[in-house]
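Here are my notes on the salt bridges. Please keep the structure open beside them as you read.

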Amino acid sequence: MNKLQILSLIADDLTAVLNAEDRYQRLLEALHFAIPYDSAAILRLDGDDLVPIAAQGLKPRAVGMQFSRKAHPRLDIICDSPEPVLFPADSDLPDPFDGLLVKSGTSERHIHSCLGCPLLVREQVVGVLVFDALDTAAFRHLPKQYIQVIASLAGAQLQTVDLITALEKKAERQGRITSELMQDIQQQRGREILGGSKEITRLRRDIDLVAKSNFTILILGETGVGKELVARNVHARSRRSDQPMLYLNCAALPTTLAESELFGHVKGSFTGAVSDRTGKFELASGGTLFLDEIGELAPEVQAKLLRAIQEGEVQRVGSSHTIQVDVRLITATNRNLEQEVSAGRFRADLYHRLNVYPITVPPLREHKEDIPLLADMFAAKAGVNLGLGNVSLDDQALAELMGYHWPGNVRELENILSRAVLKASAQRNDADAVTVHREDLGGGFDASPHLVEASLQKIPEPNNENISFRDQVTLFQIQLIKTALRNNADNWAAAARELRMNRSNLHNLATRLGIRKKNPPA
């Protein structure tokens, strides 16, 4: 196929009726006839980050990662260049795709030839097109003008697919953020739900379905699964996305302050009320209010929350008049609210008001196929925080992560990767890249087999009439902790090490199980 035929093929695709993924993949396939690459990627510019939207010749986990311009000088140079950039084969700048080429073997991790083109729409950089090859001379014969034409066509493809999306994102970035709390949340944590498993796909589908409505949402799931991230995604896709989403953790507030935080108070209404205070419902009017750990809310506050939902009005503590509010309410809990209602700890009428559309966030053990992508993302994030270059995981480290059952879910994965990257960086020899090995993870994460076996032997046989599955699990946890304490002469720190737990987490669990009093043991 000659150069003119290749350009004609690309131009024909510009007017073809294709979805975004097919359009990008066909572009890269056509370019392979003209450019002898081992890998190629189209990356869209999103703020100061470059996000791959299509790739050929790269490992699956490469697509879905985010590349900061500050952390990847080659990409930064391409973005700032008015024309295609061919990097010298002996360049000392790290390549963002080192170690990610499918063709690359274990002994060949570094890319030797890199060609990059800025993608322009109306003279504005909207992304980059990057070609990599192991052959140092792969791109030397290509005429610069020919590459420039290809880049122009690729930019037109990007414009055809992403113009509306880019405008929406720009409007969102320029939108008014009225809440300082929301600003902190957006700066400190990511906003996208990563993963390609069927469980995460279902979760995204549920979010997209309910986001456009004004329904009250109840988000269910274990600790650490990312319920707050789901809430932010619901808000971001809603018609209220240009208004603030305020956050309140119901478990972090004593009962005496919860009512004031939610509904506000007037000066002199109680000791310490030295001035009027606007509650979260008023501040969030027109936007969204996210109440985390809703199951911890005191019964007396539950009644007033029910009124706010039913009537759309709140009354400040100490005030005699009501205030109309328009709030989209999102709540979350790791408790079983049906059981809480049966036990009399949660109002049935409030539960039914909250449970208009429940969303269940799956635990990490149910979508382990997403661990490689999440691990790469957390490792890269830790690398940026530590001022490192490329950060990657070797196969043994990844296998160790895949074999763990993750009781702490995604939050635990992030914590482990942060520590592992720090350990790996302390022993690195290559200033351009850090590789996390199995030993950097801190060994196996499960309790030792002999400990589990010993504890299982002491669990009584279940009685279908007198003991539930939940009670049986509780008995096992109690026996497991007691066995570890006996093995370590009642030394809690040593028991925590044997159980492969953080000591404070062990203290909290033992307190909930009634093994220890609230005051920490010495």
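**Notes on the salt bridges**

1. Start with Asp76. Its relative accessible area is 25%, so Asp76 is partly exposed. Its partner is Arg69: the two side chains form a salt bridge, with N to O at 2.8 Å. Arg69 has a relative accessibility of 16%. Buried means under 20%, so Arg69 counts as buried. Please keep in mind that this is a predicted model.

2. Next, look at Glu261 and Arg277. Their side chains meet in a salt bridge, 2.8 Å from N to O. This pair links distant parts of the chain, 16 residues apart. Glu261 sits in helix 8 (residues 255-263), and Arg277 sits in strand 10 (residues 277-278). Glu261 is buried, at 17% relative accessibility. Arg277 is partly exposed, at 34%.

3. Now find Arg335 and Glu296. A salt bridge joins their side chains, at 2.9 Å from N to O. Arg335 is partly exposed, at 31% relative accessibility. Glu296 is partly exposed as well, with a relative accessible area of 33%.

4. Follow that last pair further. Glu296 and Arg335 belong to one network with Glu340 and Arg345, joined by salt bridges that share partners.

5. How many salt bridges does the count come to? The count is 21. The pairs described above are among them.

Note on methods. Residues are numbered from 1 along each chain as its sequence is written. This is a predicted model: local features need pLDDT of at least 70, side-chain atom pairs count only at pLDDT 80 or more; totals for chains, interfaces and linings use all residues. Side-chain values use heavy atoms; hydrogens and water are left out. A salt bridge is a side-chain nitrogen of Lys or Arg within 4 Å of a carboxyl oxygen of Asp or Glu. Buried means under 20% relative accessible area, exposed over 50%, partly exposed in between (1.4 Å probe, protein chains only). Helices (H or I, at least four residues) and strands (E, at least two) are DSSP runs, numbered from the N terminus.
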